[in-house]
Amino acid sequence: MKSTSTQSVTNKRVPQRTCIACRQVRAKRELIRLVHTPEGNIEIDTTGKKAGRGAYLHPLRECWESVLKGKRLEHALRGRLSLESREQLLNYGRTLPKGAS
């Protein structure tokens, strides 16, 4: 017997991405995407569809602070992070909840 179309919908694969701070794999929709745009800016991509090289972070303060301390974000996005952009991302990260202790 042929399979019905409802079976193929229930077995749909969920895209997985890795947080660049803690290296945990989660569903793409659970993480926040940062993108290095063709113009050279590093921005938060709320839609997940902006053009450019992307990297993913948990919506947790610890992940944001750890990745912005060093050059891990710059390495993942293959671009330079200006002091202004770094400060904007840190401020956004401070609005996020702390992780489970």
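Tutor: The questions below concern a predicted model.

Student: In what order do the three strands of the open sheet stand?

Tutor: Strand 3, residues 32–36, is joined to strand 5, residues 53–57, by five bridges. Strand 3 is also joined to strand 4, residues 42–45, by four bridges. The three strands form an open sheet with antiparallel pairing, and their order is 4-3-5.

Student: Which are the edge strands?

Tutor: The order of the open sheet is 4-3-5. An edge strand pairs on one side only, and this applies to strand 4 and strand 5.

Student: Which residue of strand 5 is the bridge partner of Ile32?

Tutor: Strand 3 and strand 5 run antiparallel and are joined by five bridges. Among the pairs, Ile32 has as its bridge partner in strand 5 the residue Leu57.

Student: Which residue of strand 4 stands opposite Val35?

Tutor: Strand 3 and strand 4 run antiparallel, with four bridges between them. In strand 4, Arg33 has Asp45 opposite. The residue that stands opposite Val35 is Glu43.

Student: Which residue takes a positive phi in the hairpin of strand 3 and strand 4?

Tutor: The hairpin has five residues between the strands. A positive phi near 100° is taken by Gly40.

Student: How many residues of strand 3 are buried?

Tutor: Ile32, Leu34 and His36 point one way from the strand, Arg33 and Val35 point the other way, and all are buried. Strand 3 is thus mostly covered, and the number of buried residues among its five is five.

Student: At what angle does helix 4 run to strand 4?

Tutor: Two helices may be considered here. Helix 2, residues 61–69, lies across strand 3, strand 4 and strand 5, and runs at about 130° to strand 5. Helix 4, residues 83–94, lies across strand 3 and strand 4, and its angle to strand 4 is about 25°.

Student: Why does Arg33 count as buried?

Tutor: The side chain of Arg33 meets that of Asp45 in a salt bridge of 2.5 Å, N to O. This pair links distant parts of the chain, with Arg33 in strand 3 and Asp45 in strand 4, twelve residues apart. Asp45 counts as buried because its relative accessibility is 3%. The cut-off for buried is under 20%, so Arg33 counts as buried because its relative accessibility is 10%.

Student: Are Glu74 and Arg86 buried or exposed?

Tutor: Glu74 forms a salt bridge with Arg86, and the closest N and O atoms are 3.2 Å apart. The pair links distant parts of the chain, Glu74 being in helix 3, residues 72–77, and Arg86 in helix 4, twelve residues apart. Both Glu74 and Arg86 are buried.

Student: Which residues do salt bridges that share partners join into one network?

Tutor: By the distance rule applied here, the count comes to six salt bridges. One of these is formed by the side chains of Arg94 and Glu87, at 3.8 Å, N to O. Those that share partners form one network, which joins Lys71, Glu74, Arg80 and Arg86.

Student: What is the relative accessibility of Arg94?

Tutor: Glu87 is partly exposed, with a relative accessible area of 40%. Arg94 also counts as partly exposed, because its relative accessibility is 43%.

Technical notes: Residues numbered from 1 in each chain as written. Predicted model: local features only at pLDDT ≥ 70, side-chain atom pairs only at ≥ 80, totals over all residues. Heavy atoms only, no water. Buried < 20%, exposed > 50% of the residue type's maximum accessible area, 1.4 Å probe, protein only. Pairing = 2+ DSSP bridges. Contact = heavy atoms within 4.5 Å. Axes fitted to C-alpha atoms, helices over the stretch in contact; angles between N-to-C directions. Salt bridge = Lys/Arg side-chain N within 4 Å of Asp/Glu carboxyl O.
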